[in-house]
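Here is a short briefing on a structure with two chains to look at. Start with the parts of one chain, then turn to how the copies meet.

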Number of protein chains: 2
Amino acid sequence: MIGRRAGSPLGIIYMPIQQITIVGTGLIGGSLALALRQAGFRGTIVGCDQRTVLDIAQARGVIDRAETDLQRAIAGSDVIVLATPVGSILTLLETVAAQAPPETLITDTGSTKQQIVDRARRLWGSQAAARVLPSHPMAGKEVGGIENADPELFREAVWLVTPIDPGQTTDSRELAAGNTPRQQEYLDLLRSIGARPVVMDAQRHDRLCAWISHLPQMIATALACSLHEQFGDEAQLLQIGGRALREMTRIALSPYSMWRDIALTNTENIEDALLCFEQQLAQLRENLRSPQLREMFENASRFRAKS
Amino acid sequence: MIGRRAGSPLGIIYMPIQQITIVGTGLIGGSLALALRQAGFRGTIVGCDQRTVLDIAQARGVIDRAETDLQRAIAGSDVIVLATPVGSILTLLETVAAQAPPETLITDTGSTKQQIVDRARRLWGSQAAARVLPSHPMAGKEVGGIENADPELFREAVWLVTPIDPGQTTDSRELAAGNTPRQQEYLDLLRSIGARPVVMDAQRHDRLCAWISHLPQMIATALACSLHEQFGDEAQLLQIGGRALREMTRIALSPYSMWRDIALTNTENIEDALLCFEQQLAQLRENLRSPQLREMFENASRFRAKS
């Protein structure tokens, strides 16, 4: 798996990946490091974050080297993984563009992709597709932080990959080949930790995620807010409500810092999804006494049974 | 626990419960029968349902006797549990009122309570509180039917009890005493299967359940409907979406037959809850780019962390 050598669009001879820098060693970055280690990756993993986070990461054996300085953190790395909220990724791309050598693969784990793809195109121009591979693991927890990092987090999870130039791979579910041998090797590393890379263009990604990830989050948040307004401090309510209510509000604990950036970088798609959903709710409300309700339950059941 | 004998408001000497008729031996009725048996109830359990359902119930050893005829099913029973959707319960109450002797306790497991309380008051007048004990176990599954009955379904579940005349017990969390020795004995049986009886007046019950049970159901249904409209047959979507989406649409499989009756008998409360929630969603949508979003995430997180 590791050890391919081949040419590339940039005319570079790639050596096998020997050092990976993970910028942002929180839940996602920390879990990626733990997973790579568990899967047998023998190279060096450099973590870049605030000192307090890095101290925990080192104490847990998550990373080999800790750097608070980005330039020192990325020096000598074959892969740079930006694993921060999207807003920071956009800023970090600017710095990385100025400092990373051409053979270094730049990738990320950001929750929205169009703005990242656009930024990479602007920064790297015609070299962007060879140097940057935006991606987004469909995994997470309602609680972030290195304390919750888990080497099994990505097992069986889809890892969406949105190439800068999706070209002919757009319609294929599995990305057969990255744009460079290094991209291929990185995708193989992702497979080695149990993830399933799936290719999608960034625009489709952002619309899809608005529906299957961002809308559910907004629903959980709005539901918990409504219950907070209605029942305030009667904290025993969820216990009476049972499993369904617990499930529907579990992710209401998700950190605002991450969701602020998602809301800012995928606003129109989330607005569209919310508006459609609000209309669906209103229709249901207007049909509580009508046989139309049956059709809605049947459609819902049909969708759920298939998926 | 079993074996108390004492007087009652009706001047009746109650013998210990020796026969229970469960009308509707589906998921809830069947689980109750299995749970009673597992907890050591030694009396006779009579099941009343359609023949096909009763055949399965008998094959599984859920009931001792099967009757498709209501009158034969309730003859000689000390307790009658109506475990059908609410609409049927309202109809069954009429028949039971005409046939059940005064010492028989009539109870139910219906999802809404105000209409049941009202119906019992109309049918039994001043004797209603002694003869009828409406109740609602806060437990279930997204799939109904005797096939899914489970003796552990009510373990640790709150079993809401809405006495016809809540009187002084309204504010107490635990129902210390039923209105008659038989009601006390039945509540003890519920405790023996692991349920936690909690008293509440019917009006409060219906408003609370609109928020913690009916609203989540309508959200799951509307979300699955929206996804059905948007993505149709792309059934792999939920897999990409991961745990949160799966959780939020799990109960979209719930049977319409049950929810039709809930929607019809708790319409105003559900309308109110849906409308509040729709307004909350609209507010969130309008604030995707504003710092107000932080406050909503914080309120949501605060509610969830407490509950």
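Domain bounds here come from an automatic or database domain assignment. On that basis, chain A has domain 1 (19–200) and domain 2 (205–306). Keep in mind that this is a predicted model.

**Chain A as a whole**

- Chain A holds 13 helices and nine strands.
- Along the principal axes, the C-alpha atoms of chain A fill a box of roughly 70 × 45 × 30 Å.
- Buried residues make up 54% of the 307 residues of chain A.
- Take the contacts in chain A between residues at least 6 apart in sequence: 75% of them join residues at least 24 apart.

**The two domains of chain A**

- How far apart are the C-alpha centres of domain 1 and domain 2 of chain A? They lie 30 Å apart.
- The two domains also touch: 15 residues of domain 1 of chain A are in contact with 15 residues of domain 2 of chain A.
- On the domain 1 side of this contact, helix H4 (86–99) and helix H5 (114–124) of chain A each supply at least two residues.
- That domain 1 side has five nonpolar, eight polar and two charged residues.

**Where chain B meets chain A**

- The contact between the chains takes 68 residues from chain B and 68 residues from chain A.
- Several helices of chain B each supply at least two residues to the side that touches chain A. They are helix H8 (202–231), helix H9 (237–241), helix H10 (243–249), helix H11 (256–265), helix H12 (267–286) and helix H13 (292–306).
- Which of them gives the most to this side of chain B? H8(B) does, with 15 residues.
- By class, the side of chain B that touches chain A has 43 nonpolar, 13 polar and twelve charged residues.

**How the copies are related**

- In general, two copies of a chain are related by a rotation about an axis and a shift along it.
- Here, a rotation of 180 degrees with 0.0 Å of shift along its axis superposes chain B on chain A, with an RMSD of 0.0 Å.
- The two copies are therefore related as by a two-fold rotation axis.
- Both copies use the same surface: 100% of the contact residues of chain B recur in chain A.

Definitions and conventions:
Residues numbered from 1 in each chain as written. Chains lettered and ligands numbered in written order. Predicted model: local features only at pLDDT ≥ 70, side-chain atom pairs only at ≥ 80, totals over all residues. Contact = placed C-beta atoms within 7 Å. Helix = DSSP H or I, 4+ residues; strand = E, 2+ residues; numbered from the N terminus. Nonpolar A, V, L, I, M, F, W, Y, C, P; charged D, E, K, R; others polar. Least-squares fit on C-alpha atoms with pLDDT ≥ 70 in both. Buried ≥ 20, exposed ≤ 12 C-beta atoms within 10 Å, placed from the backbone.
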